[in-house]
Amino acid sequence: MIVPYLPVHRSQPIVSLGGSHTRYRPVMSVRLTGSADTRLRDALLDTGSDDTVFVDTLAPLLGVDLTQAPEINVGLAARPQPVRCRFAQVKLRITDGLNETYEWTAYIGFVATQLNYNLLGHAGFLQYFDVEFQGANRQAILKPNVSFPGSKI
Amino acid sequence: MDMHIFQQNRANFPPDKLAQFVGQYVAWNPEGTGILASDVDQVALENAVRSAGYDPSDILVSFVPNPNESNVGGGGLAT
């Protein structure tokens, strides 16, 4: 499944990109479904994240009850202190809008802080896909691997 | 929502228009050509989406980060 990178335009030239004004980020849309409802959110493919995390203000919109949820503290980049993260099962769905749609259930973390992007990390997401990050083409190719627990719709 | 068309349109959304929403959540129209509503609070944003006549479950919501900031990940906090 092809995931085009999202262009992010900067007013100042980016020195590390040879003066370009545009960064390209592997951001994709993910549908999350809880016990009560479903929502569509952006998230960043992040190989540096152990877990898949979304902001916790999303949980009640899905009907996800975090009051008794297992929790840990996670270290987020640029945060001086670890952040509370509570885990719950949701259904995840991704699609390219053309030929490929995948759906599976996973434990994801809900963090009590603002995120620039929700994070698609190893547990719950990247563990189920082999991903090729094509820098020149500015796209990622996702292929479900042998551990993928869901279905292709 | 046609995700393929949506992605193409959103990639071409004028950056100067998007810049107005830095630090807020935005609700994109299903075509990816415009923003239905914006707010710093996702619940308030959903109310605005409903007021605009749309079902929040059909609408992509994204946070608009400061484009002039560079995101650098890491393995967590060094202690």
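This is a predicted model: local features need pLDDT of at least 70, side-chain atom pairs count only at pLDDT 80 or more; totals for chains, interfaces and linings use all residues.
Read from the N terminus, its elements follow the order α-α-β-β-α-β. Residues are numbered from 1 along each chain as written, and chains are lettered from A and ligands numbered from 1 in the order written. Local features need pLDDT of at least 70, side-chain atom pairs count only at pLDDT 80 or more, while totals for chains, interfaces and linings use all residues, and side-chain values use heavy atoms, without hydrogens and water.

The C-alpha trace of chain B spans about 50 × 25 × 20 Å along its principal axes. Of the 79 residues in chain B, 37% are buried (under 20% relative accessible area, with a 1.4 Å probe and protein chains only).

A:Trp104 and A:Phe125 make an edge-to-face pair, with 5.4 Å centre to centre and 65° between the planes. This pair joins distant parts of the chain, 21 residues apart: A:Trp104 belongs to strand β9 (residues 101-111) of chain A, and A:Phe125 to the loop between β10 (118-120) and β11 (129-134) of chain A. Both A:Trp104 and A:Phe125 are buried. In chain B, B:Phe13 and B:Trp28 are likewise edge-to-face, at 5.0 Å centre to centre and 80° between the planes. B:Phe13 lies in the loop between α1 (3-11) and α2 (15-18) of chain B, and B:Trp28 in strand β1 (residues 25-28) of chain B. B:Phe13 counts as buried because its relative accessible area is 10%, and B:Trp28 because its relative accessibility is 2%. B:Arg10 lies over the face of B:Trp28, 5.7 Å from the ring centre (CZ of Arg or NZ of Lys within 6 Å of the centre and within 35 degrees of the ring normal).

The largest nonpolar core has 33 residues, and A:Trp104 and A:Phe125 are among those with the most contacts inside it (buried Ala, Val, Leu, Ile, Met, Phe, Trp, Tyr and Cys joined through side-chain atoms within 4.5 Å). Its largest share, five residues, comes from β9(A). A second, separate core of 23 residues includes A:Val27, A:Leu119, B:Leu45 and B:Ile59.

Methods
Rings of Phe, Tyr and Trp (its six-membered ring) pair if their centres lie within 6.5 Å; planes under 30 degrees apart count as stacked, over 60 as edge-to-face and the rest as tilted. Helices (H or I, at least four residues) and strands (E, at least two) are DSSP runs, numbered from the N terminus. Buried means under 20% relative accessible area, exposed over 50%, partly exposed in between (1.4 Å probe, protein chains only).
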